[in-house]
Amino acid sequence: MSNRTFTMVKPDAVANGYEGAILEKITAAGFRLVALKKTRLSPESAGAFYAVHRERPFYGELVEFMSSGPIIAAILEKDNAVADFRTLIGATDPAKADEGTIRKLYAESLGRNAVHGSDSDENARIEGDFFFSGLERF
Ligand code: RTP
Ligand code: MG
């Protein structure tokens, strides 16, 4: 079990003005910010990031949405980071997310669901490496 995970504040939440509130909720839950940046994904880079979903019916919509505006990318550190972060953000569909979770509070819909959280230690490392060079994550 690793102590790091990777997150993005997605374009809906940035556009809706929730980036500060979401970062506050993440740090208040005990996650340390290892690396942090605001950037915008091209359709090509969004497609590469979500390549595991390329056969899914929602892939085109997901790539278009994730490249539609700025995002915040971050590597986070905490004991049991991957599982605890997915608990903090709640179910993929905000209508099914528990009260108090980030998606329940800030997501618009299943497709526009405010935040990403890695689903395994291996993917957390791959996703962090996608956005941050060695110099940026110490
Ligand atoms: P994420 O990777 O973004 O943290 O979300 P997740 O693990 O909870 O969900 P995942 O199955 O990995 O799906 C990735 C993202 O694709 C969008 N999605 N749209 N329209 C749909 O049916 C649908 N299903 C999934 C969501 O934005 C989801 O977060
Ligand atoms: Mg996922």
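Ala 114 sits in the loop between α6 (102–106) and β4 (115–117). Its phi is near 75°, a positive value in a residue other than glycine. The model is predicted. Mean pLDDT for the chain is 97.

**Two positive-phi residues**
- Ala 114 is buried, because 27 other C-beta atoms lie within 10 Å and 20 or more count as buried.
- Asn 80 also has a positive phi, about 55°, although it is not a glycine.
- The loop that holds Asn 80 runs between β3 (71–77) and α5 (81–89).
- Is Asn 80 buried or exposed? Asn 80 is exposed, because 12 other C-beta atoms lie within 10 Å and the exposed class covers 12 or fewer.

**Around ligand 1**
- The residues that surround ligand 1 include His 53, Phe 58, Leu 62 and Thr 92.
- Leu 110, Gly 111, Asn 113, His 116, Gly 117 and Asp 119 also belong to this shell.
- By class, the shell has six polar residues, three nonpolar and one charged.

**Annotated domain**
- UniProt, in an unreviewed entry, places the feature "domain: Nucleoside diphosphate kinase-like" at residues 2–136.
- That span is 41% helix and 18% strand.
- The C-alpha atoms at the ends of residues 2–136 lie 19 Å apart.

**Confidence**
- A pLDDT of 70 or more is reached by 99% of the chain's residues.
- For the complex, the predictor gives an ipTM of 0.95 and a pTM of 0.96.

Conventions
Residues are numbered from 1 along each chain as its sequence is written. Chains are lettered from A and ligands numbered from 1 in the order in which they are written. This is a predicted model: local features need pLDDT of at least 70, side-chain atom pairs count only at pLDDT 80 or more; totals for chains, interfaces and linings use all residues. pLDDT is the predictor's confidence in each residue, from 0 to 100. UniProt positions are given in the numbering used here, feature names are shortened, and annotations may be inferred rather than shown by experiment. Helices (H or I, at least four residues) and strands (E, at least two) are DSSP runs, numbered from the N terminus. A residue is near a molecule or strand if its C-beta atom, placed from the backbone, lies within 6 Å of it. Ala, Val, Leu, Ile, Met, Phe, Trp, Tyr, Cys and Pro count as nonpolar, Asp, Glu, Lys and Arg as charged, and the others, Gly among them, as polar.
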